[in-house]
Amino acid sequence: MHVALAGCSSAVDPEQPLLVDALTRLGVTVAESAWDSGADWDSYDLVVIRATWDYVDRREEFLAWADSVPRLDNPASVLQWDTDQRYLARLGG
């Protein structure tokens with residue numbers, strides 16, 4: 001299995017090396033790339049969203065990217081809801 005971990009170039013995920021190590025021990029080939037890097041996302045068996053913190057200023061571009069990735073672990077519809085963050089007001093009661 002070939003998995004891509006999609007992050008951003010402006011942030012480091014301190015837990016990612018642990019994830020990469022664990023996946024590698026399981027025989028998974030792991031690639032790390034920024035979501036906006038132009039990587040060939042179709043070539044991966046699975047794309048996992050990690051620390052994509054820069055989506056905040058480019059939300060629509062991020063959502064369009066997510067919608068274009070065929071095997072994304074979080075569907076674009078979930079990301080649409082999650083990145084809106086108005087749901088937080090409803091959780092507060």
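**View 1. Residues I49, R50, A51, T52, W53, Y55, F62, N74, L79, D82 and T83 line the largest pocket of this predicted model.** A pocket is an open set of points, on a 1 Å grid over the protein atoms alone, where a 1.4 Å probe fits, with protein on both sides within 12 Å along at least five of seven lines; lining residues have an atom within 4 Å of a point. The space in the largest pocket is about 210 Å³, a volume being the space filled by probe spheres set on the points. Helix α3 (residues 76-84) contributes most to this lining, with three residues; helices (H or I, at least four residues) and strands (E, at least two) are DSSP runs. Six nonpolar, three polar and two charged residues make up the lining of the largest pocket, with Tyr and Cys counted as nonpolar and Gly as polar.

**View 2. The second largest pocket has a volume of about 170 Å³.** Its lining comprises 14 residues, and G7, C8, A11, Q16 and E32 are the closest to the pocket centre. At least two lining residues come from each of β1 (2-7), α1 (16-25) and β2 (29-34). By class, eight are nonpolar, three polar and three charged.

**View 3. The protein chain has four helices and three strands.** Along the sequence they follow the pattern β-α-β-β-α-α-α. Of the 93 residues, 38% are buried (under 20% relative accessible area, 1.4 Å probe, protein chains only).

Residues are numbered from 1 along each chain as its sequence is written. In this predicted model, local features need pLDDT of at least 70, side-chain atom pairs count only at pLDDT 80 or more, and totals for chains, interfaces and linings use all residues, while side-chain values use heavy atoms, leaving out hydrogens and water.

Terms used:
Buried means under 20% relative accessible area, exposed over 50%, partly exposed in between (1.4 Å probe, protein chains only).
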